[in-house]
Amino acid sequence: MSTVERDAPRASASTGISGLDDIMAGGFTNRRLFLVEGVPGSGKTTLALQYAMDGARRGEPVLYVTLSETEEELRAGAESHGWVLDGIEIRELTPREEELDLDEQNTMFHPSEVELASITKLILEDVERLKPTRVVFDSLSELRLLAGSPLRYRRQILALKQFFSTRQCTVLLLDDLTAIDRDLQVQSIAHGVLLLEQLNPEYGSERRRLRVVKYRGVEFRGGYHDYVIKRGGIEVFPRLVAAEHRQVTTRAKLSSELEALDSLLGGGIEEGTSTLILGAAGTGKSTVAAQFASAAARRGQHVAMFLFDESPQTLLSRCDGLDVNLGVHVDAGRITLQQIDPVELTPGEFVNRIRNAVEQRDAKIVVVDSLNGYLNAMPEERFLTIQLHELLMYLGQRSVATILIGAHQGLIGSQMHTPVDASYLADAVILLRYFEAKGEVRQAISVMKKRGSKHERTIREFRLDGGRISVGDALTDFRGILTGVPVYEGPDRRLGNEKPL
């Protein structure tokens, strides 16, 4: 669709779900018929109720035709979300008890012919009486059974579409996809088609996603979008498209307030860039990230930290012991700590939390601790690396500095590796290593990569003791520190005697 069509005003009815409105460029086009498909449990009825309640809140007459649930069941489901369906006319067309009496059944015509005709008549009478602007049919599977044949079913749907097109109605048809032979003819009849999917990973809770299959005349946001169903209804997380957030960016340097560390990085990290901190367990990766966060908070900037592998209490306790004092800034609201449970959180919801931190709280630094927890805890998600690339592009365009933490497998030696290689995505890479010297395990820090600015290429000693973080002088007397087993090539003296670290 052209830009002119995209920007042209279009009368539409809100879906009642802000994220879905964003995906569908405003909602459902007025006076059109839409098909919502999904397996049982995917949230079709919940979506339809939110759509109907939005119309009722706006003072519109709304008709909800239920063919599969009783009105009592429908209201009980709404009550579980804390809803009251005031202003919505509910027409229950489930089989009545007397229809089970064999003596009352018509033997001259096929039962489906009689039932379909009577149901259609009742619906049309309600529409003429109420004159609704929004109508929901829940669900098509019952109409399909009553029609008896695919041809009659298609004709019935087409007749309903033509009838409602002259009544100024926006219609939602719900289909639970229980038919053995899926009929795509209804998709061709509908003005737009929305597909709801429910995925069941081998571990963890179910995942749900939706996709707009078609939408005539509208440039909708394509692809899959995660959504969740919780008390209060459906919440949709539109797929992040970094190209939609381009703006003038800044590249101001953000100091860690540790002179030696800033010197390694050529003055600090820059706004709009991503920094990957790599190292084995216990080398101080999270502590370095916390130092940047604390320094930014002292400057009055907001920082958002997302923790996968460590509880906020543990991080705060460790940092307090090193004079980083994250807790003071957390209490003041300058730093927000969010512990992430990836078993319960979809990738789309995680990205949405980051967007909220940036767009609502103006976060200048975002910390993801750790990348391994983010990627490895969702093994069945195939395109997380691509999603991470899109996320980093978005944060860069918003002038946000991103700090990613990645853990190496193993503790020491040349065979160490990371199960998640994101070094090509990051603008800067900080490497923390253990090494052995004179029978003692020491730590080293170096900057292996930094795009767009100069940085030191030296390897310095790194310490977390004495109640503070220390970055020492360059380890010029050793060769092979990055292997973990260096060779000493300096004068015969104990490491660090001349200049205490």
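Select helix 3, residues 44-57. Helix 3 lies across strand 3, strand 4 (62-66), strand 5, strand 6 (134-138), strand 7, strand 8 (192-199) and strand 11. Its direction is about 165 degrees to strand 7. Helices (H or I, at least four residues) and strands (E, at least two) are DSSP runs, numbered from the N terminus. Contact means heavy atoms within 4.5 Å. Axes are lines fitted to C-alpha atoms, for helices over the stretch in contact, and angles run from 0 to 180 degrees between N-to-C directions.

This is a predicted model: local features need pLDDT of at least 70, side-chain atom pairs count only at pLDDT 80 or more, and totals for chains, interfaces and linings use all residues. Residues are numbered from 1 along each chain as its sequence is written, and side-chain values use heavy atoms, with hydrogens and water left out.

Now select helix 4, residues 71-80. Helix 4 lies across strand 4 and strand 5, at about 140 degrees to strand 5.

Nine strands form an open sheet, with mixed pairing, in the order 5-4-6-7-3-8-9-10-11. Two strands pair if DSSP finds at least two bridges between them. Strand 5 (88-92) and strand 11 (233-237) are at the edges, each with a single partner strand, so one side of each has no neighbour in the sheet. From one strand to the next, the twist averages 20 degrees.

Select strand 3 (residues 33-38) and strand 7 (residues 170-175). They run parallel, joined by five bridges. Find Leu33: its bridge partner in strand 7 is Val171.

Move to strand 8 and strand 9 (residues 207-215). They pair in the antiparallel sense over eight bridges. Glu197 stands opposite Arg209 in strand 9. Strand 9 also pairs with strand 10 (residues 225-230), antiparallel, over three bridges. There, Arg208 stands opposite Tyr227 in strand 10.

Then select helix 13 (residues 347-361) and helix 15 (residues 384-397). They pack at an angle of about 10 degrees, with axes 12 Å apart. That makes helix 13 roughly parallel to helix 15 (angles under 35 degrees count as roughly parallel). Among the contact residues are Val351 and Ile354 of helix 13, and Leu391 and Tyr394 of helix 15.

Last stop: the largest nonpolar core, with 38 residues. Such a core is a set of buried Ala, Val, Leu, Ile, Met, Phe, Trp, Tyr and Cys residues joined through side-chain atoms within 4.5 Å. Buried means under 20% relative accessible area (1.4 Å probe, protein chains only). Helix 10 (residues 285-298) gives the most to this core, with seven residues. Select Ile335: the residues it touches include Met305 and Leu326, not counting residues up to four places away in sequence.

Definitions and conventions. Parallel < 35°, antiparallel > 145°, perpendicular 65-115°, else oblique. Buried < 20%, exposed > 50% of the residue type's maximum accessible area, 1.4 Å probe, protein only.
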